[in-house]
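Open the model in a viewer and keep the selection tool at hand.

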Amino acid sequence: MANVILKGVTKKFGSFTALDDINIETKEGEFFFILGPSGAGKSTVFNLISGILPVTKGEIFIGGEMVNKLEPRHRDVAVAFESYALYPNKTVYQNLEFPLLAPIRKSQYTAKEIDKIVRETAELLHIEELLDRLPSQLSGGQKQRVSLGRTLVRRPKVFLFDEPIAHLDAKLRHRMRGELKRLQKEMGISAIFATPDQLEAVSMADRVAILNKGVIQQIGTPEEIYFQPANLFVANMVGDPKINIFRGSVKKDGGVYYLCHKDFRLPMDKSAEKIVAGRDLSGDIDIGVRPTCFRLSNTKMGEGDIQTRVSFMQRMGDSQVVKLDVGSFTFTTKVDQSVLYSIGDTVWFSLSGDKIFFFDPVA
């Protein structure tokens, strides 16, 4: 178990800068996530840590040792990829033991020790009854477990998970998230997980690095990322449904603060007023409001309420997502099901809560 440090790491491919001055420091035994859209540079980070690619500039440390000049086989890093890449002519047992039979490790274990590691790993993954099967006899979820097991048997210093469950169906992905989190904690492993899925990151991570176009936008706990986004990109990246963003200003009238847009004026409630105290927000700014920060009703609740119609509705378990068109802007709200709404319903809505953020305007 070891920590990983990337210090001022830059990677260029010709004139293209894939990673620009990346600084990350993970902790021993931490489940660290790199969250970003496709093309953000997540896989490039992994290729640099594992030694597949050389850095253009900067230093990489694993367990306190600088590894820039070490070959991949000497870095003691295991990578799990999205593809299963199982050997079709080998049984599950043989696929699991294969990494331990590599020349660099074979001398480290006796046949009895290898058997013990394979069976313990299979038990952790709940695939012990599959050891005699071939990959063609497995379901997609079972193949994914075997693929993960082949990574886990190595017991390296650091595990790198590169979107290993991305192509599984929603139900299986949900289950595998829990399994991976359990395994990570039970084994006490240091792991870095790359994903474009914000739900995976916020539900599994100890800390998250938000990456976009090769630049780190913010590093923090899932709570810090959600409640204290560093910029507009981070605010948009985390949260389901997505945050509402509109260009406007904040003005005070009669002792009440309003979020002002060319098509509406929304009064902030008392719980939200503290976030504007001492700040000059009168000019054009980008304003973000989380979907949970609204109150809806079939009747008018207060003087500042806005009347509109429901343009979209989706029920989600104990909540419902309701979209409301106000002039040129569409608000996405997430409310409970105490009152059920339908498309076309006339409703009144207002702000309720302090999940409101202000950002410098982005062109």
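This is a predicted model: local features need pLDDT of at least 70, side-chain atom pairs count only at pLDDT 80 or more; totals for chains, interfaces and linings use all residues.

**Stop 1: helix α4**

Select residues 111-124, which make up helix α4.

Now show side chains. Ile114, Ile117, Val118, Thr121 and Ala122 are buried. Turn the view to look down the axis of α4; the buried residues fall within an arc of 130 degrees, so they line one face of the helix. On the other side of α4, colour Lys112, Lys116 and Glu123, which are exposed.

Step just past the end of α4 to His126, where phi is positive, about 60 degrees.

**Stop 2: Arg182 in helix α6**

Next select residues 170-187, helix α6, and centre on Arg182. Which residues does Arg182 meet in salt bridges? One partner is Glu179, with the closest N and O atoms 2.6 Å apart. Another is Glu186, at 3.2 Å from N to O.

Both pairs stay inside α6. Arg182 and Glu179 are 3 residues apart, about one turn of the helix, and Arg182 and Glu186 are 4 residues apart, again about one turn.

Is Glu179 buried or exposed? Glu179 has a relative accessible area of 15%, and because that is under the 20% cut-off, it is buried. Arg182 has a relative accessibility of 22% and so counts as partly exposed.

Arg145, Glu179, Arg182 and Glu186 are linked in a network of salt bridges.

**Stop 3: Lys185 and Asp206**

Stay on α6 and move to Lys185. Its salt bridge is with Asp206, and the closest N and O atoms are 3.1 Å apart. This pair links distant parts of the chain: Lys185 is in helix α6, while Asp206 is in the loop between α7 (198-204) and β9 (207-212), 21 residues apart. Lys185 is partly exposed, at 43% relative accessible area, and Asp206 is partly exposed as well, at 26%.

To continue with such pairs, search the whole structure, which holds 18 salt bridges.

**Stop 4: the largest cavity**

Select Phe31, Leu152, Phe161, Leu180, Leu183, Gln184 and Ile189, the residues that line the largest cavity. Which element gives the largest share of this lining? Helix α6 does, with 3 residues. The volume of the largest cavity is about 30 Å³, and the count of cavities of 30 Å³ or more comes to 2.

**Stop 5: the whole chain**

Zoom out and switch to a cartoon. The secondary structure comes to 10 helices and 20 strands. Along the principal axes, the C-alpha atoms fill a box of roughly 80 × 45 × 35 Å.

Colour by accessibility to finish: of the 363 residues, 50% are buried. If contacts are drawn for a separation of 6 or more, 68% of them are between residues 24 or more positions apart.

Terms used
Residues are numbered from 1 along each chain as its sequence is written. Side-chain values use heavy atoms; hydrogens and water are left out. A salt bridge is a side-chain nitrogen of Lys or Arg within 4 Å of a carboxyl oxygen of Asp or Glu. Helices (H or I, at least four residues) and strands (E, at least two) are DSSP runs, numbered from the N terminus. Buried means under 20% relative accessible area, exposed over 50%, partly exposed in between (1.4 Å probe, protein chains only). The expected span of a helix is 1.5 Å times one less than its number of residues. The arc is that of the directions from the helix axis to the C-beta atoms. On a 1 Å grid over the protein atoms alone, a cavity is a set of points where a 1.4 Å probe fits but cannot get out, and a pocket is an open set with protein on both sides within 12 Å along at least five of seven lines; lining residues have an atom within 4 Å of a point. Grid points are joined across faces, edges and corners, and a volume is the space filled by probe spheres set on the points. Contact means heavy atoms within 4.5 Å.
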